[in-house]
Amino acid sequence: MMNLFLSLLMSLTLVTTAASGVGGNLRNYQCSKCGTVVRSTASPSSLNCRAGGSHWWRNLGEVGEENYCCSKCGTVLESRYSPSSTGCPAGNSHWWRHLGHKGDVAYQCKKCGVTVYSKYTPSSTGCPQGNSHHWTKLGK
Ligand SMILES: [Zn+2]
Ligand SMILES: [Zn+2]
Ligand SMILES: [Zn+2]
């Protein structure tokens, strides 16, 4: 009986946390060592980076409705505005390209393997594998 009550309480807490994240300033954080991207309202835990030692989190800015791809490391972000250029895992600064507005249709580049959810065919500029992305529509 006690266990049931506790698990109910825990799931309630989880729901509340998730709901408050939507209204708050959800940000994209990326570790400049291993390249992992995490959406969070505060700096994530730095424990156990898979590239060794601690994660080095960089705040790349608020999560939003625009797709951006770095033409150096291939990271894709849904961001409100052009993300911060600091801490590209491929070295020095990110080189963000605006791919267009976020949507429900999946597109994948057959050259670099990046997948984005877009309303229309994403912009082809700045493929990390050189020159232009080669988009294939994977969704409906
Ligand atoms: Zn890391
Ligand atoms: Zn980058
Ligand atoms: Zn590409």
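This is a short walk through the fold of one predicted protein chain, from the overall layout down to a few single residues.

Okay, housekeeping before we look. Residues are numbered from 1 along each chain as its sequence is written, and chains are lettered from A and ligands numbered from 1 in the order in which they are written. Since the model is predicted, local features need pLDDT of at least 70 and side-chain atom pairs count only at pLDDT 80 or more, while totals for chains, interfaces and linings use all residues.

So, what is the chain built from? We have one helix and seven strands, and from the N terminus on they run α-β-β-β-β-β-β-β. Those elements are DSSP runs, numbered from the N terminus: helices are H or I with at least four residues, strands are E with at least two.

Let's start with strand S1, residues 27-31, and strand S2, residues 37-40. They pair in the antiparallel sense over four bridges; pairing here requires DSSP to find at least two bridges between two strands. Arg-27 has Ser-40 in S2 as its bridge partner. The hairpin has five residues between these strands, and Gly-35 there takes a positive phi near 85°.

Now look at S5, residues 96-109. Which strands does S5 pair with? Strand S3, residues 57-70, pairs with S5 in the antiparallel sense over five bridges, with Tyr-68 standing opposite His-98. Strand S6, residues 115-118, is also antiparallel to S5 and joined to it by five bridges. The hairpin of S5 and S6 has five residues between the strands, and Gly-113 takes a positive phi near 80°. Then there's strand S7, residues 135-137, running antiparallel to S5 with three bridges; Gln-108 has Thr-136 in S7 as its bridge partner.

Stay on S5 and find Lys-102, which sits in that strand and stands opposite Ser-118 in S6. The cut-offs: 20 or more other C-beta atoms within 10 Å is buried, 12 or fewer is exposed, in between is partly exposed, and C-beta atoms are placed from the backbone. Not counting residues up to four places away in sequence, Lys-102 touches several residues, including Glu-65, Glu-78 and Tyr-117. A contact means that C-beta atoms, placed from the backbone, lie within 7 Å.

What about the inside? Buried residues make up 25% of the 140 residues. The largest nonpolar core has 14 residues, and among those with the most contacts inside it are Tyr-68, Cys-69 and Leu-99. S3 and S5 are the elements that give two or more residues to this core. By nonpolar core I mean buried Ala, Val, Leu, Ile, Met, Phe, Trp, Tyr and Cys residues joined through C-beta atoms within 7 Å. Leaving aside neighbours within four places in sequence, Cys-69 is in contact with residues including Leu-99 and Val-114.

Last stop, two asparagines. Most residues other than glycine have a negative phi. Asn-48, in the loop between S2 and S3, has a positive phi of about 60°. Asn-48 is exposed, because 9 other C-beta atoms lie within 10 Å. Asn-92, in the loop between strand S4 (76-79) and S5, has a positive phi near 55°. And why does Asn-92 count as exposed? Because Asn-92 has 11 C-beta neighbours inside 10 Å.

Key: Contact = placed C-beta atoms within 7 Å.
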